Amino acid sequence: MTIVHTEGIFTHKISWCSCPGSDPIDWHLSLLREQLFPASMSKPKTAFTFDVLNHFLIDALECKTSAMSFYQKLKRFTNNAFPDRVPVEYRELMRVSWLWRDLKHRKWFGFGHDTELDPGEGGLALFCPARYDRQYVIDGNFTAQHMKMNKPEMDVSLSDGKGYMVSEIPYHSHLQQSLDNREVGGGDPKRSTCSNHRAINAANINKSNLRSTGIGATACAQHGCFVPHSVVDFQKGER
């Protein structure tokens, strides 16, 4: 089995439990008890230590380290002279770190030990603790563009609508029912008479290669805390 740790990537022989009543279907549970996160639930051949997964989360958060750069670092720790000889478990790291992040969030918000209780909309996000006379501000970022994926069916959400972003399906249904500036009056798109109002004038520019043209959010005006389940992707300018 390949074990990925903070000090490198190693291959070890594993002797699975053969006690009476043991079942290969529970092999992944045996690994988890030893603080090893399996890359698959059925006959796992790769596992990541809890330490290396926590290190990756902090590196990605504070140092903006990509998964590829983080794995390249682990390969250098393993064999600095010939890193290409180290087993490639990059795709496994991507999948496991994704699951690990979701499990950590559910644990932090009190859902990690109850499989029947599911967080509702915004249930995995923190909000401003101040309870008095709340005021809100709404703003957007029109440079945070997201290109369309080659295989969008591979982008499976583990917590759709449970954090700061709104639920995807209801949001897109709302957009389809909303009027577009191009549709108002049934003619040409309306342009703003405001000087240099790029956000509005660029709303009808064809950006077919983009999945979203920006991002908008609602936040607490006093403290800047984002409101759970209120962040949206812009589909066309300010739309």
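The following questions and answers concern a predicted model of one protein chain.

Residues are numbered from 1 along each chain as its sequence is written. In this predicted model, local features need pLDDT of at least 70 and side-chain atom pairs count only at pLDDT 80 or more, while totals for chains, interfaces and linings use all residues; side-chain values use heavy atoms, with hydrogens and water left out.

Me: How many helices and strands does the secondary structure of the chain come to?
Reply: Helices (H or I, at least four residues) and strands (E, at least two) are DSSP runs, numbered from the N terminus. On that basis, the secondary structure comes to 6 helices and 9 strands.

Me: What percentage of the residues in the chain is buried?
Reply: Buried means under 20% relative accessible area, exposed over 50%, and partly exposed in between (1.4 Å probe, protein chains only). Of the 239 residues in the chain, the buried share is 30%.

Me: Among contacts in the chain between residues at least 6 apart in sequence, what percentage joins residues at least 24 apart?
Reply: A contact requires heavy atoms within 4.5 Å. Among contacts between residues at least 6 apart in sequence, the share joining residues at least 24 apart is 62%.

Me: What span does helix α2 reach from its first C-alpha to its last?
Reply: Helix α2 covers residues 50–62, a run of 13 residues. The expected span of a helix is 1.5 Å times one less than its number of residues. For α2 the expected value is 18 Å, and the span reached is close to it, at 18 Å.

Me: Which elements do the buried residues of α2 pack against?
Reply: The buried residues in α2 are Phe 50, Val 52, Leu 53, Phe 56, Leu 57 and Asp 59. They pack against β1 (2–5), α1 (27–33), β3 (36–38), β4 (46–49), α3 (67–78) and α4 (90–108).

Me: Which residue just after α2 takes a positive phi?
Reply: The residue lies just after helix α2, and its phi is about 55 degrees. This residue is Lys 64.

Me: Which residue meets the side chain of Asp 59 in a salt bridge?
Reply: A salt bridge is a side-chain nitrogen of Lys or Arg within 4 Å of a carboxyl oxygen of Asp or Glu. Asp 59 is buried, because its relative accessible area is 16%. The N to O distance is 3.0 Å, and the partner is Lys 73. The pair links distant parts of the chain, 14 residues apart, with Asp 59 in helix α2 and, in helix α3, Lys 73.

Me: Why does Lys 162 count as buried?
Reply: Lys 162 forms a salt bridge with Asp 118, the closest N and O atoms being 3.0 Å apart. Lys 162 is in the loop between β6 (146–147) and α5 (168–177), 44 residues from Asp 118. Lys 162 counts as buried because its relative accessibility is 15%.

Me: Which residues do salt bridges that share partners join into one network?
Reply: Asp 118 forms a salt bridge with Arg 106, the closest N and O atoms being 3.7 Å apart. Lys 162 also forms a salt bridge with Asp 118. Salt bridges that share partners join into one network Asp 102, Arg 106, Asp 118 and Lys 162.

Me: Which residues make the nonpolar surface patch of about 310 Å²?
Reply: Patches are made of residues with over 30% relative accessible area and no salt bridge, like charges being joined within 9 Å and nonpolar side chains (Val, Leu, Ile, Met, Phe, Trp, Tyr) within 5 Å. Areas come from the Shrake-Rupley method with a 1.4 Å probe, and for residues only the protein chains shown count as cover. Phe 226 is partly exposed, at 46% relative accessible area. The patch is made by Leu 126, Tyr 164 and Phe 226.
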